[in-house]
Amino acid sequence: MTRFKPKSKDSTAMHWWSIELTNHHFDSADMVMLSTLLSQHYAVDFIFELIKDKRNSRFIEAIEDQLNHGQTIAMALKPYLPHAYRSYFDGLIQVLPLDATLTQCDALIQTKKKQRQFWIKHTLPSIGLLLICLIGMLLFRSFGIPMIQSLADSFHQSLSWITPLDHALLGLTIGLMLI
């Protein structure tokens, strides 16, 4: 979650020139390190000292404060998880220990990213080809069929079959666009 805060501690008024964007959750690299060290049975205090830096020191201190007040590590950590982890975390923490939950969350997120890349890689060319075909059909209907009809009229030929073809082509184009 990102929040806006004034740059100066003295001022309570927030002005557009004194706003900085702050980050209030761990990033995925911190989560991987946290889950790896938890699975190797390191102490939570030691892990927080390892991953503590300028960016995340405020919420590590908040988590440590919550732990000192008797809250579990999972519940203290939950508000500071990355957004992608939160949906998986709620379900997995009920059946798995914290280290396995964080590992599985990361694995699920990585799998989701790979699937998204796969589908983009394999469906984008097909969708592009479909759009090019639809544009070609519309252009042929707009320019090709009227030219064929005018050419036939100039030779005094009847092309009564072209009108149903024109309507079928229009119906096919609209049907494909709706899909």
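The model is predicted, so local features need pLDDT of at least 70 and side-chain atom pairs count only at pLDDT 80 or more, while totals for chains, interfaces and linings use all residues. Residues are numbered from 1 along each chain as its sequence is written, and side-chain values use heavy atoms, leaving out hydrogens and water.

**Exercise 1.** Work out which elements the protein has and in what order they run.

*Solution.* Start by counting: there are seven helices and two strands, taken as DSSP runs (helices H or I, at least four residues; strands E, at least two) numbered from the N terminus. Next, read them off from the N terminus: β-β-α-α-α-α-α-α-α.

**Exercise 2.** Find which residues of α3 are buried, and how they are arranged around its axis.

*Solution.* First locate the helix: α3 covers residues 57-68. Then apply the cut-off for buried (under 20% relative accessible area, 1.4 Å probe, protein chains only). F59, I60, I63 and E64 pass.

**Exercise 3.** Describe the largest nonpolar core and the contacts of L34.

*Solution.* A nonpolar core is a set of buried Ala, Val, Leu, Ile, Met, Phe, Trp, Tyr and Cys residues joined through side-chain atoms within 4.5 Å. The largest has 23 residues, and F26, M31, L34, L77 and L102 have the most contacts inside it. Elements giving two or more residues include α1 (28-39) and α6 (98-154). Now take L34: leaving aside residues up to four places away in sequence, L34 touches I47, F48, L77 and L102 (heavy atoms within 4.5 Å).

Technical notes
The expected span of a helix is 1.5 Å times one less than its number of residues. Buried means under 20% relative accessible area, exposed over 50%, partly exposed in between (1.4 Å probe, protein chains only). The arc is that of the directions from the helix axis to the C-beta atoms.
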